[in-house]
Amino acid sequence: MDIRLLRPSDIPLIQHANLENLPENYFLKYYLYHALSWPQLSYVAVDVSRPPKTPYDYPKIVGYVLAKMDEEPTDGVQHGHITSLSVMRTHRKLGIAEKLMRQSQLAMVETFGAHYVSLHVRVSNAAAIHLYRDTLKFQTEKTELKYYADGEDAFCMKLDLQPIREQVREAIAAEKAAAGGEASSSDEDASSDEKDKTGGEDVDEGEAVGDVGRDPAAKPKKKKTGKEAEVKVKVGRALGVGELVERVATKQSS
Amino acid sequence: MPQTLSTREANLFRTVIRHYEDKQYKRGLKAAEQILKKNPKHGDTMSMKALIMNAQGKTEEAFALAKDALTIDMKSHICWHVYGILYRTNKNFDEAIKAYKFALKLEPESVQIQRDLAVLQVQMRDYQGYVQSRFAMLKARPQVRQNWTALAIAYHLDGNLSQAENILTTYEKSVTSAPSKTDYENSEAVLYKNSIIAEVGDIERALTHLESDAKNSLDRLAVMELRARYLAELGRKEEAAKAYRALVERNSERPEYYKRLVDVLDIPEGDEAVLKAVYDEYAAKNPRCDAAKRLPLDFLTGDNFRAAAKAYLNLMFDKGVPSTFANLKHLYSDQYKRDIMPILAEEYLEERKSNQVANGDSSKGAGAALYFLAQHYNYHMSRDLAKASSYVDKAVELDPKNTDFHMTRARIYKHQDDTQKASEAMDHARSLDTRDRYINSKAAKYQLRNNENEKALATMGLFTRAETVGGPLADLIDMQCIWFLTEDGEAWQRRGNVGMALKRLHTIFNIFDIWQEDQFDFHSFSLRKGQVRAYIDLIRWEDQLRDHPFYFRAALDAVKLYIEMYDKPQGANGVNGIDGKTTNGEDAAEKKKAAKKAKKEAQKAEREAAEKAAKQDPNKPSAQKTKDVEDTKKKDDDPTGLRLAGTTDPLADAMKFLGHMLQFSPKNIEGQIAGFEVFIRKKKYLQALRCLKAAMTLDKDHPTVQEQITKLQKALDPILDTLPPKVQEVISLEFTPAVAKA
């Protein structure tokens with residue numbers, strides 16, 4: 001087993017794994033869209049034990065997480081979103097899904113400054129709900145009625161990334177300290193202060209917005225997610241990246 | 001001479017353009033007609049009309065009209081631009097480039113023409129042209145960073161690394177204020193530059209640059225990985241070890257990090273204890289980590305291996321990890337390890353005998369060990385199918401409702417070549433967990449292996465989107481489900497239904513075309529996003545797209561099928577089947593039935609699609625859109641592949657698949673062997689010889705290769721004298737000595 005960042009050349013076998021495992025499928029271009037917009041966020045689990053059959057074998061993908069940043073966050077807060085996550089039946093119980101998720105979450109914070117990560121899960125998918133809620137500590141925000149094409153409801157789940165944000169900030173601070181250099185470190189302090197401030201605000205605001213703003217925020221969001229469900233299909237099936245961006249724009253204007 | 005328009009009509013012309021851009025095609029056409037009524041020879045209007053007709057799907061008429069427009073007004077950049085767009089939308093990029101170049105010559109200031117041309121050039125890998133275009137675009141708008149990055153990319157792809165770096169540096173120097181820390185366009189551009197420095201091979205400078213310019217990079221993982229690599233390559237082992245330790249801490253499931261760490265630790269050759277200690281440290285630190293526990297099994301030997309493997313297996317069996325066998329099978333290239341694994345599993349069973357009923361979960365404990373043993377004896381390197389069966393029987397006895405156990409039972413049947421029982425067993429496994437698509441997919445696959453195409457499609461239909469027009473098959477094609485199309489095609493082929501088989505294989509061919517075109521939008525998208533390294537990866541991968549085993553398998557199937565069709569032309573029964581190996585009446589009847597049934601199904605699907613389209617609420621934008629798509633989507637006028645099967649020149653059709661195979665997978669001997677068979681039938685002896693020689697280099701003892709040598713000799717002997725002297729010369733130079741060696 002090897003857990004590593006997704007590469008464009010992995011995509012046909014990621015698509016294959018998705019088609020084997022899940023009813024929500026996308027064409028190749030939608031995977032490319034993720035891989036080329038947020039290349040730091042998507043991870044794969046590779047079966048490195050198979051002996052190659054030809055000189056042209058590609059790494060066999062047995063699990064993947066396809067992740068993105070929300071391009072038009074309705075709440076104005078930078079956050080990540082899990083588009084798809086699956087692990088082959090033959091490779092379950094090794095904690096692969098959890099490990100994939102943790103790598104992705106770390107990168108969401110480091111590269112894109114995400115404050116939280118959201119996802120949808122079928123209300124009947126006990127194993128996945130267990131992973132998100134019990135292992136990864138996601139909170140259930142609400143239930144999205146008839147979110148899936150077959151009419152099943154989805155739980156909208158959310159994970160606050162504040163602990164990871166602090167962890168990253170500490171790691172950076174430790175690095176700077178190790179690198180030494182008075183002048184530069186004071187310079188860094190100033191900027192990390194700035195970061196602290198925004199971070200600190202979040203701690204407060206995160207809760208406040210969470211409670212006060214939950215309902216009003218949820219409503220437009222509901223609409224939006226409803227559309228997003230459409231987008232999922234459409235984007236998954238629409239023709240191009242161009243169209244996709246246009247859609248996001250129209251979504252906002254509407 | 002081009003006509004000039006009155007003010008009123010000039011305004012009207014602008015509305016034509018606007019309607020086109022807003023996709024108001026009918027209004028656009030109406031306005032265009034109005035202009036043409038007074039000015040029937042106005043080239044620009046004719047061109048715009050052509051453009052709108054093209055958008056409506058009337059490709060041929062559009063081309064004819066655009067050509068007329070050009071003959072009337074050769075000096076109009078609009079006419080050339082439209083001509084270029086027509087070619088571009090119809091995927092003839094070479095011709096599109098030519099038209100765009102004319103347009104640009106007439107209107108050198110046009111940003112849009114220049115930009116479109118640039119995209120076409122990089123799509124077609126005309127890197128020199130791309131450099132020129134990007135240079136012109138940079139000159140026009142040097143204040144935009146994208147234009148600098150784009151020119152650097154153009155130089156990079158063209159192989160001019162130093163110039164690529166120069167361009168990036170020139171931009172950096174021109175910026176006066178420091179970029180913000182959250183500016184990931186900048187962060188990415190810096191790492192891109194770093195990757196170019198490393199690609200030149202100047203690792204020392206790459207490291208210096210990384211540590212100074214990229215220290216605040218937003219892609220922390222990339223910086224950590226690059227730094228560790230550079231340090232290791234520069235022999236700064238202590239620092240490299242530290243850097244790799246940091247990476248292991250970050251992601252303890254990446255074997256490469258351990259391997260590189262161990263490489264720079266200078267551990268004495270063969271000192272297993274020291275080596276294992278490196279891994280043990282992380283296993284202890286991180287109890288949920290699998291790699292640190294498993295990887296030592298790769299290098300440990302003898303009793304050390306036995307002890308570690310036992311500990312690992314016990315742990316996995318206790319936890320009930322179903323992938324245990326899959327994660328260890330690479331060890332089987334070592335005879336000792338291969339032999340000891342079942343012994344350890346048996347020991348486990350023996351030791352746990354007393355308390356095996358204790359826990360209720362059959363996938364844990366004894367069940368896991370039995371499952372492992374069944375897989376062990378089912379694996380080709382340690383195969384004993386009778387034993388495998390008996391272990392899986394025991395496992396099933398333990399828990400008759402365990403899906404995984406039944407799945408393995410089906411696999412054992414498959415290896416016993418009993419496709420019927422395998423299909424039934426897998427379907428039974430499926431029935432035990434009907435919400436899991438994985439087992440559903442496997443059931444469908446096994447049905448296809450048993451030539452049950454219709455049943456398999458129904459099985460797949462349990463998970464495809466119900467509302468897709470055209471049913472499960474259309475959804476699977478839309479979603480580019482290669483594995484199903486391949487297996488389905490192969491099953492039709494076995495059933496003798498050449499048409500359906502070819503249909504599927506051509507669909508796969510077309511999907512690869514789509515995948516190649518998919519990169520088109522990213523040439524500009526990636527610049528906007530600023531994620532340059534991922535874009536370069538994409539370009540490199542797309543260049544090799546068709547070396548994918550998905551392509552090769554389908555292409556080889558198709559080539560073999562076409563060869564068969566050439567050798568045994570269609571029988572008189574009229575069914576799209578070959579008469580070859582299956583000439584008995586029963587089969588012919590079945591083929592006829594199958595063809596009839598397939599035709600009926602296709603008609604039914606079409607009818608349903610029409611009904612569905614009619615039912616859709618036209619007020620709903622989504623419905624409207626699907627309808628539009630349906631309108632523009634060309635109807636499949638050969639759903640059962642009758643026309644494909646009716647080809648008069650199967651070898652020419654085979655070439656379509658063969659070319660890419662030989663180009664992208666030359667080291668696959670099956671491709672060379674198939675290539676030989678095509679070329680010798682086409683009497684292209686030199687090309688046949690080339691395939692044969694390539695095959696001989698790969699494996700000269702391959703039985704088919706030996707046959708082919710004789711075959712070529714036999715073909716050449718009687719006609720050698722009649723061949724052109726040059727060909728004779730090559731044959732005597734290349735073939736005769738090769739034969740002598742073989």
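Tutor: Two residues are in contact if their C-beta atoms, placed from the backbone, lie within 7 Å. Keep that in mind for this model, which is predicted.

Student: In chain A, what share of the contacts with a separation of 6 or more comes from residues 24 or more positions apart?

Tutor: Such pairs account for 67% of those contacts in chain A. Chain A has 8 helices and 7 strands, and 41% of its 254 residues count as buried.

Student: Which feature does UniProt place at residues 1-162 of chain A?

Tutor: The UniProt record, an unreviewed entry, gives "domain: N-acetyltransferase" for residues 1-162 of chain A. In the model this span is 30% helix and 30% strand, and its end C-alpha atoms lie 30 Å apart.

Student: How many residues does each chain bring to the contact between chain A and chain B?

Tutor: Chain A gives 56 residues and chain B gives 61 residues. On the side of chain A that touches chain B, the elements supplying at least two residues each include strand 1 (2-5), helix 3 (96-112) and helix 7 (214-237). By class, the residues on that side of chain A are 23 nonpolar, 18 polar and 15 charged.

Student: Now chain B. Where does UniProt list "repeat: TPR"?

Tutor: The unreviewed UniProt entry lists it at residues 77-110 of chain B. That stretch of chain B is 79% helix and 0% strand, with 10 Å between its end C-alpha atoms.

Student: How do I read the packing of two helices, and at what angle do helix 29 and helix 30 of chain B pack?

Tutor: Look at the angle between their directions; over 145 degrees counts as roughly antiparallel. Helix 29 (residues 482-494) and helix 30 (residues 498-517) of chain B pack at about 155°, with their axes 7 Å apart. Helix 29 of chain B is therefore roughly antiparallel to helix 30 of chain B. Their crossing is left-handed. Among the residues making the contact are B:Leu485 and B:Trp492 of helix 29 and B:Leu505 and B:Ile508 of helix 30. The contact of these two helices of chain B has 8 nonpolar, 4 polar and 2 charged residues.

Student: At what angle do helix 26 and helix 27 of chain B pack?

Tutor: Helix 26 (residues 437-449) and helix 27 (residues 453-460) of chain B pack at about 170°, and their axes are 8 Å apart. Because of that angle, helix 26 of chain B is roughly antiparallel to helix 27 of chain B. The contact includes B:Ala443 and B:Leu448 from helix 26 and B:Ala456 and B:Met460 from helix 27. Its residues divide into 5 nonpolar, 4 polar and 1 charged.

Student: Where is B:Arg435, and how far is its C-alpha atom from that of B:Thr459?

Tutor: B:Arg435 is in the loop between helix 25 (419-431) and helix 26 of chain B. The C-alpha atoms of B:Arg435 and B:Thr459 are separated by 12 Å, and the two are 24 residues apart along the chain. B:Arg435 counts as partly exposed because it has 13 C-beta neighbours inside 10 Å.

Student: What is there to notice about the phi of B:Lys91?

Tutor: Most residues other than glycine have a negative phi. B:Lys91 is not a glycine, yet its phi is positive, about 65°. B:Lys91 sits in the loop between helix 5 (77-89) and helix 6 (93-106) of chain B. B:Lys91 counts as exposed because it has 11 C-beta neighbours inside 10 Å.

Student: What is the phi of B:Arg125?

Tutor: The phi of B:Arg125 is near 60°, again a positive value in a residue other than glycine. B:Arg125 lies in the loop between helix 7 (111-123) and helix 8 (127-140) of chain B. B:Arg125 is partly exposed, with 13 other C-beta atoms within 10 Å.

Conventions:
Residues are numbered from 1 along each chain as its sequence is written. Chains are lettered from A and ligands numbered from 1 in the order in which they are written. This is a predicted model: local features need pLDDT of at least 70, side-chain atom pairs count only at pLDDT 80 or more; totals for chains, interfaces and linings use all residues. Helices (H or I, at least four residues) and strands (E, at least two) are DSSP runs, numbered from the N terminus. Ala, Val, Leu, Ile, Met, Phe, Trp, Tyr, Cys and Pro count as nonpolar, Asp, Glu, Lys and Arg as charged, and the others, Gly among them, as polar. UniProt positions are given in the numbering used here, feature names are shortened, and annotations may be inferred rather than shown by experiment. Axes are lines fitted to C-alpha atoms, for helices over the stretch in contact, and angles run from 0 to 180 degrees between N-to-C directions. Angles under 35 degrees count as roughly parallel, over 145 as roughly antiparallel, 65 to 115 as roughly perpendicular and the rest as oblique. A crossing is left-handed if the near helix is turned anticlockwise from the far one by less than a right angle, and right-handed if clockwise. A residue is buried if 20 or more other C-beta atoms lie within 10 Å of its own, exposed if 12 or fewer, and partly exposed in between; C-beta atoms are placed from the backbone.
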